[in-house]
Each structure stands twice: as structure tokens, then as C-alpha cells.
Amino acid sequence: MVDSIAATSLLGHRPFFSSYNWKYAANKHNCRLSFTKLMDRKDGFSSSVRRWHVKHPIRSVIKAQAAELTREAHSYREEDRIPRGFRPGIDSGVDSRPGLWPPENKADNPGLKNPLLRHERMGCGWLGAIFEWEGVLVEDNPDLEKQAWLTLAQEEGKSPPPAFMLRRIEGMKNEQAIAEVLCWSRDPGVLKRMGSRKEEIHQALQGGMYRFRSGSETFLNVLVHHKVPVALVSTRPRKSLERAIAVIGIEGVFSVIVTAEDVYRGKPDPEMFMYAAQLLQFIPERCIVFGNSNQTVEAAHDARMKCVAVASKHPVYELGAADLVVRHLDELSVVDLKNLADIEAVELEPELEMEVEAEDDQPPSTSVGVYDDFW
């Protein structure tokens, strides 16, 4: 470390041990003194050489020099990123050095040959919407789900699951809930049979009756009018979901439909939302998830997506972790979605604040060392 400090002159100070030729000094005074012995001995050189007088301990001085060199080396690395011949314009109070500002747009695709399409993709209007089904677009009756599980437990001769366990398995796939939470079986064949039977019970209780939640149909029409791609995700089987879509008459609205057969795990795992974003061909940061539970909020944020929570079965104050909370979807506008999809404004502000705090925490620069000339 001492050699590297001695060979560096970035600090604007004379290094502690300088770059003096010790061998030359030793020969001149007929004494051979290695650098290691100099550090170990208190009296420094032989009697013919004057002593060093240092006000601070050597170890603290070396640490201070190393800290200064680290800061200067980091600043020099940033300066190297500025191309030669760069002439900054008027000072606007924003760091305008190329490579540092403006930040890289994650939605940009240099491979696009059409500049208009590339410009549209870089704007905040390039976004996709991912909807859950029950409780968001259509009315949901949680009592039917609870009754379906209790009926299945009675048929299989299992003890009825308690209320806290039923709340925990909300949003999970049937097979995942049976194996990991209810612990009724782990055999794949049994899991598939019990999961299918539970869906049959739920469909029988549902009776094929579906209706839009207030404001949901209007909001879907707004998205279709503005040509926003829409995906639908659900842990229901595909046949049941397609039948329900046909009942309320919105065939062709969804560009992508992800069901229980397409994923391995349900919420709070983000697999459903990630797969829907891949099918929509959108980056996760430009996808907005619409759900009605904290499990949805957790899964969306784990997938680096924004989340709009609909307070259908939970009060508004319980959904505070979402990026936006509404009671009905018609309270939203396309401008609200564009603000949520504005990647740069949302993601870079916290990082800038952390950098300012880090600069404030840096210790003030200290003097490097004091020594006397020994000739």
C-alpha cells in the first residue's frame, strides 16, 4: 500500500515517504538500511542520518492517504467517461455529462428500423395493462371460494381449514394450496384430481353468473380506444375463464390470457405477471398490474411492475403498499397510467437522494503528514 501511495502524486501533497532512492542514501552514508527495518526501528537511520519527525502515527497517515486516493481515483474514472472535445452548454443545474445524464431508457430498442416506432416506444405512452379477473373486472363473492374448500374437505375426509388458512391461500393455484398450505397430499395425481374437483364445486356454486364491477367496462373501453395492450391473468382453468369471458361479451379484448395451466405457481409468486409481460412483449417496468389484494401488490413489485389496487374486498387503508388505490377503475385515466409508467422519474429520484446522503457522510479531508528534510 505504501509503495502505491508513494508512486502517486494525485493528492497535491508530497507523499509521506516520497520517491526517494533509499539505496542511494544508504551508500552515501555507508549504511545499508532496508525499508522494513526503517518501519520497525524507532530511531530510524543510523547516527549519520537525521530522524524523521511525524506529528501523527504512520498507520493513520497511510489510511488518510488511501482514502484520498480512493476518492480521487473514483472521480477520475467518471471524468474519463467524458469524450474529448466535449463542450458543455449553459449550466442548468443538472449534471449534463454524457454517459451520466440523461439516464438510459430501458424501453429503447436500437434494433427498430422505424424511428417513429422507436420514439413511441421510448415515451411513457408505451405500456401494457395486466388485469386480474375476480374482484377487479367482475364481481367476486369470497364466500363461494370458502364454501368450495369446505365442501372439498368434507368429501375428502379432511378437517375443515381454518379462516386464517383460507386467507393465506387466496390467489394460489389449487394444487399449490393443497400441497403447501393445507398439506392434504403431495402426490401429483391426487393434487390434480383434488384441484379439478374443487373447481367443479366452485363452478356449480357460481351458477355461470358473471357481471362487471362498476366502472370496469368503461375503463376497458378507454384502453381499447387508446390501443393499450391488455392481458388477463387468473388461477382458474382456461375453459372456465373463456366461458366467463363469453358470458359478459368481451371476447377479443385481451391480447394475452394466462391461466392455471400456463404457470407452476400462483400468487404471491410473480410468475403469472412475468409470463404475461413476455407474451405482451413489454419490459416489466412498463407493465401495470390491476389487482385487489396485498398478494397481488407483492407479486407485482417483485416483478418490478407498478400496481393499481382496487378496494373491492379490502379497505383502502389495507392496500397502502400499492402504487395507486382506487375503489372503481373508472376513477383512472390514461394520464394516470402514463405517470405510473414513467420509469425515469420514479426510479432515479431515490438513487440521487442516496448519493447526496453518501456525500454528506464522507469525513473531511485531513492533513497527510509532516516531516523534515534530512540534509
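This is a predicted model: local features need pLDDT of at least 70, side-chain atom pairs count only at pLDDT 80 or more; totals for chains, interfaces and linings use all residues.
1. Strand 4 and strand 5 (residues 306–310) run parallel and are joined by four bridges.

2. Now look at the other neighbour of strand 4. Strand 1 (residues 128–132) pairs with strand 4 in the parallel sense, again over four bridges. If you want a landmark there, I130 has V289 of strand 4 as its bridge partner.

3. Zoom out and you get the whole sheet: six strands, open, in the order 3-2-1-4-5-6, with parallel pairing. As background, strands of a sheet pair through backbone hydrogen bonds, either parallel or antiparallel. Strand 3 (256–258) and strand 6 (324–326) stand at the edges with a single partner strand each, so one side of each has no neighbour in the sheet. On average, neighbouring strands are turned by 20° against each other, direction ignored.

4. A231 finds its bridge partner in V256 of strand 3. Helix 10 packs on the sheet, where it touches strand 1, strand 2 and strand 4, and its direction makes about 155° with that of strand 1.

5. Is strand 4 enclosed or open to the outside? Five of its five residues (287–291) are buried, so strand 4 is largely enclosed by the rest of the structure. C287, V289 and G291 point one way, I288 and F290 point the other way, and all of them are buried.

6. Follow the chain onward from there. Strand 4, helix 13 (residues 294–302) and strand 5 make a right-handed β-α-β unit.

7. Next, the nonpolar core. The largest one has 31 residues, and F131, W133, F290 and L329 have the most contacts inside it. Several elements supply at least two residues each, including strand 1, strand 4, strand 5 and helix 14 (334–340). Helix 11 gives the largest share, four residues. In soluble globular proteins, nonpolar side chains tend to be buried together.

8. Leaving out residues up to four places away in sequence, F290 touches A129, I130, F131, E132, V136, F219, V308, L329, L332 and L337. Another core, of 27 residues, lies apart from the largest one, and V233, V258, C307 and L319 are among its members.

Key:
Residues are numbered from 1 along each chain as its sequence is written. Side-chain values use heavy atoms; hydrogens and water are left out. Buried means under 20% relative accessible area, exposed over 50%, partly exposed in between (1.4 Å probe, protein chains only). Two strands pair if DSSP finds at least two bridges between them. A crossover is right-handed if, with the strands pointing away from the viewer, the path from the first strand over the helix to the second runs clockwise. A nonpolar core is a set of buried Ala, Val, Leu, Ile, Met, Phe, Trp, Tyr and Cys residues joined through side-chain atoms within 4.5 Å. Contact means heavy atoms within 4.5 Å. Axes are lines fitted to C-alpha atoms, for helices over the stretch in contact, and angles run from 0 to 180 degrees between N-to-C directions.
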